[in-house]
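Here's a quick briefing on the fold, sheet by sheet. Have the model open while you read.

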Amino acid sequence: MRKRPHMQLLTITSLLLLVLFLVYIWMSSYIIRISQEKEKNPTYMQTSPSRKVDSNQLLIVLWTWPFGEIFPLDTCQSVYGVSGCILTTDRKLLNQADAVIIHHIDIMSNKKLPQGPRPHYQRWIWFNREPPTILENLSMLDNLINMTMTYREDSDIFIPYGFLKPLKEPQSIKIPTKSKLVAWAVSKWYPGVRRTAYYEELKKHIPIDVYGKHHKNLSWADFYSTLSQYKFYLAFENCDHKDYITEKLWFNSFELRIVPVVLGATRKNYERFIPPDSFIHVDDFSSPRELAQFLLDLDKDYARYQQYFKWRSNYAEVREIGWDNHYCKACRELQEYKGYKVIQSVEKWFLT
């Protein structure tokens with residue numbers, strides 16, 4: 001007996017509904033399995049990611065604009081001579097990126113790290129230029145980071161605040177006219193920390209002009225012309241940490257042609273980057289009073305004072321500035337670095 005047409009239609013419809021139900025069950029179990037895998041392993045990786053961009057170009061995702069500062073992303077070749085780089089902030093390209101650069105300050109409070117499938121070749125780079133004293137939540141990076149990018153010389157990508165470049169030929173030394181003695185420009189005033197305590201004692205024995213939010217006002221327009229009049233500058237870092245030598249030395253002192261009086265890392269650490277006769281270290285003196293007397297004596301002896309500039313005949317100071325400069329440098333280092341590793345604890349490394 002032949003089935004009526006409406007009965008055949010009912011049978012086909014039932015079969016289609018059954019198939020759709022089975023597909024739904026399978027997809028639900030798949031999604032649950034993937035979610036469970038991600039919870040167990042935040043770096044859950046897909047095995048064969050697709051690459052839609054030019055394979056000869058390194059695609060690097062900036063996870064955040066550092067400190068929210070926006071800058072050009074197309075300067076690697078034109079400004080820094082680094083080819084083969086594509087920088088982007090488009091998170092839709094995460095599953096295609098060769099590397100993701102994570103600026104720590106921007107994620108240390110909200111803990112918002114990249115999520116989802118991660119290509120097996122992709123490297124996560126921890127970018128930080130701040131000292132350990134202000135950092136938080138480093139442990140959230142355990143077993144996630146592949147490379148470090150900091151002011152530490154032992155970083156995978158070394159981003160110093162400055163460096164000295166040997167000159168091809170010796171040059172004559174020019175010292176600006178000096179009419180004042182000691183200056184210090186400080187934007188963040190931390191009562192009780194070592195540099196503040198040292199200053200409080202030092203000022204009892206020598207006059208010091210202090211500029212900044214809590215002291216004398218000094219605009220950027222007048223910064224160079226004002227500070228360059230001083231013979232000595234207190235290049236006091238806000239912490240004593242390995243290789244943490246900032247713009248306080250490279251710009252506020254060297255670029256402005258002032259002799260830096262440094263406090264922070266050890267003298268030995270400073271001498272890894274600059275000549276021993278280019279600066280005065282507070283640790284060379286038994287007390288702030290002894291340092292003050294040394295500076296007063298040096299002020300009266302121009303020939304001795306000139307010796308702190310002698311290194312300039314053979315070196316030029318170079319400051320590492322520009323966010324695009326840092327990211328383009330990272331691209332160049334990635335091209336040269338072929339290995340792959342996972343850092344178990346960035347915190348343990350950075351606090352050592």
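Two strands count as paired if DSSP finds at least two bridges between them. Helices (H or I, at least four residues) and strands (E, at least two) are DSSP runs, numbered from the N terminus. With that settled, there's an open sheet of six strands with parallel pairing, in the order β2-β1-β3-β4-β5-β6. Its edge strands are β2 (85-88) and β6 (157-158), each of which pairs on one side only.

This is a predicted model: local features need pLDDT of at least 70, side-chain atom pairs count only at pLDDT 80 or more, and totals for chains, interfaces and linings use all residues. Residues are numbered from 1 along each chain as its sequence is written, and side-chain values use heavy atoms, with hydrogens and water left out.

**Overall picture**
- The protein has eleven helices and 13 strands.
- Of its 352 residues, 44% are buried, where buried means under 20% relative accessible area, exposed means over 50%, and partly exposed is in between (1.4 Å probe, protein chains only).
- A contact means heavy atoms within 4.5 Å, and among the protein's contacts with a separation of 6 or more, 76% are between residues 24 or more positions apart.

**Confidence**
- The average pLDDT (the predictor's confidence in each residue, from 0 to 100) is 87, and 84% of the residues score at least 70.
- Watch residues 30-53, where the pLDDT is below 50; in the model this stretch still has 38 contacts beyond near neighbours in sequence.

- Strand β1 (residues 58-62) pairs with β2 in the parallel sense, over four bridges.
- Across that pairing, Ile-60 sits opposite Leu-87 in β2.
- Helix α10 (residues 323-336) packs on this sheet, touching β1, β2, β3 (99-103), β4 (123-128), β5 (147-150) and β6.
- The direction of α10 makes about 140° with that of β1; axes are lines fitted to C-alpha atoms, for helices over the stretch in contact, and angles run from 0 to 180 degrees between N-to-C directions.

**The five-stranded sheet**
- Another open sheet has five strands in the order β9-β8-β10-β11-β12, with parallel pairing.
- β9 (209-211) and β12 (280-281) are at its edges with a single partner strand each, so one side of each has no neighbour in the sheet.
- β8 and β10 pair in the parallel sense over three bridges, and Val-182 stands opposite Phe-232 in β10.
- On to the next pair: β10 (residues 230-236) and β11 (residues 259-263) are parallel too, joined over five bridges.
- In β11, Val-259 is opposite Phe-232, and Val-261 is opposite Leu-234.
- Val-261 also has a bridge partner in β12, namely Ile-280; β11 and β12 run parallel and are joined by two bridges.

- β10, α6 and β11 make a right-handed β-α-β unit; right-handed means that, with the strands pointing away from the viewer, the path from the first strand over the helix to the second runs clockwise.
- Helix α6 (residues 247-255) lies across β10 and β11, running at about 175° to β10.
- Seven of the seven residues of β10 are buried, so this strand is largely enclosed by the rest of the structure.
- β11 is largely enclosed as well, because five of its five residues are buried.
- In a regular strand the side chains alternate between the two faces of the sheet.
- In β11, Val-259, Val-261 and Leu-263 point one way, Pro-260 and Val-262 the other way, and all are buried.

**Pro-176**
- Pro-176 is in the loop between β7 (162-166) and β8 (180-185).
- Pro-176 counts as partly exposed because its relative accessibility is 27%.
- Leaving aside its neighbours within four places in sequence, Pro-176 is in contact with Ser-228 and Arg-257.
- Pro-176 and Tyr-230 are 54 residues apart along the chain, and their C-alpha atoms are separated by 9.3 Å.
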